[in-house]
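Dear colleague,

My notes on it follow directly after.

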Amino acid sequence: MSSSSPSSEVLESPLLAEHEALDAHFTDFAGWRMPLKYDSDLTEHHAVRSAAGLFDLSHMGEIAVEGPDAPALLDHALVGRLSSVSVGRAKYSLMCSPEGGVIDDLVVYRLGDTRYLVVANAANSRRVLHEMNSRAAHFDSVTVTDESPATALIAVQGPASREIVQSLVPVDRSGDVTDLKYYAAGPARVAGVEVLLARTGYTGEDGFELYVPNDHAVELWRALLAKTTELSGRPAGLACRDTLRLEAGMALYGHELSEETNPFEAGLDKVVRLEKDFVGRDALAKLAEGEVRRRLVGLRGDGRRAARAGYRVLDGSGSADIGIVTSGALSPTLGHPIALAYVDIESCEPGTQVNVGIRGRHEAFIVAPSPFYRRS
């Protein structure tokens, strides 16, 4: 089953007209017409690090799983133990194939004893929905519902994000924001609109995600945008979101994760709970017993030439091919090249000197701890 939308179908955010009014530059992402940037992706990147950025993430998939068997289904469908997540909290997890490859990485919110919200990547949302329904066939008391068509998702990321959201919450409900912990979610009233307010993020900064019915997306966006710009923030597109998450060492599906990668080589060992039964468990148990042949590592360069996805990684002498770059950029925050790459297990120790083939030349890099950036 294809994970992307048919080429003839262009999906549009309920905020499309708002982006057009801001003269956004658009890109086709997983079949969606989404803002790539509004002015400068570097300016937007720095705004998120210094103040705040406002993102439209309505292309993400939202799948409700509810009923008495919902905890058991998610324990079976995903690699983590979702039945142990407390109500109001969230958990990062993976959906794997029977062979142990990663179908998607997900954030799962437990909204009630028997109700969860599974948030999937845009390119994989149809596949995740299909797999969830297929895996639910073994359970009697559970329903799986695609809430994506009726749901918009707006994110505020950056040091000023809490002040922005807090300013739009009634005084008698200020706890909706102040009491919300990292990787948690709950109902809130923001700018007069009832939303599901979450605090997870994908930029390395503090931030909030607001899940809102499509009919109220525009009024919420406008209120958030007004306060964001008042506090020196700005609307931000997918281009800066990519460099932000790379600095924070966060994996992107289709780059660091795919059905050709497994959780162990991606450094996601702690996400997998082999003590329970789930789809892909047997394959992953065998992989855990064997030797991991490659690892996902960070790379840091001292020059100005960025290593991009698909570039080959060579050993320190430049004579042996030892891996491949999955994501790379000249870091706007740090001022030097950074990358994520899969390299042979013998070359994954921090401090190891390597080379990256960049347009016919070997550029020196060093294996470095990731994340590259941590907020103070």
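G112 stands opposite R115 in strand β8. The two belong to a hairpin in which β7 is joined to β8 through two residues. Please bear in mind throughout that this is a predicted model. β7 and β8, the latter covering residues 115-120, pair in the antiparallel sense over five bridges.

On its other pairing, β7 is joined by seven bridges to strand β6 (residues 90-96), and these strands also run antiparallel. β6 and β7 likewise form a hairpin, here with five residues between them. Within that turn, G100 has a positive phi of about 95°.

Six strands form an open sheet of mixed pairing, in the order β11-β12-β13-β10-β4-β14. Its edge strands are β11 (185-190) and β14 (234-235), each of which pairs on one side only. Inside this sheet, β12 (residues 193-198) and β13 (residues 207-213) run antiparallel and are joined by three bridges. A198 stands opposite E209 in β13.

In soluble globular proteins, nonpolar side chains tend to be buried together. The largest nonpolar core in this model has 30 residues, and V190, V195, L197 and L224 have the most contacts inside it. Two or more residues are given to this core by each of β10 (151-157), α5 (161-167), β11, β12, β13 and α7 (217-230). Of these elements, α7 gives the most, with six residues. V195 touches G186, P187, A188, V190, L210, Y211, V212 and L220, not counting residues up to four places away in sequence. Apart from this core lies another, of 23 residues, which includes L78, Y116, A136 and V142.

Finally, I would draw your attention to a cysteine. C240 is found in helix α8, which covers residues 238-247. Is C240 buried or exposed? C240 counts as buried because its relative accessibility is 1%, and the cut-off for that class is under 20%. Leaving aside neighbours within four places in sequence, C240 is in contact with D41, E44, H45 and F55. Y183, by contrast, lies 22 Å from C240 in space, C-alpha to C-alpha, and the two are 57 residues apart in sequence.

With kind regards

Technical notes:
Residues are numbered from 1 along each chain as its sequence is written. This is a predicted model: local features need pLDDT of at least 70, side-chain atom pairs count only at pLDDT 80 or more; totals for chains, interfaces and linings use all residues. Side-chain values use heavy atoms; hydrogens and water are left out. Two strands pair if DSSP finds at least two bridges between them. Helices (H or I, at least four residues) and strands (E, at least two) are DSSP runs, numbered from the N terminus. A nonpolar core is a set of buried Ala, Val, Leu, Ile, Met, Phe, Trp, Tyr and Cys residues joined through side-chain atoms within 4.5 Å. Buried means under 20% relative accessible area, exposed over 50%, partly exposed in between (1.4 Å probe, protein chains only). Contact means heavy atoms within 4.5 Å.
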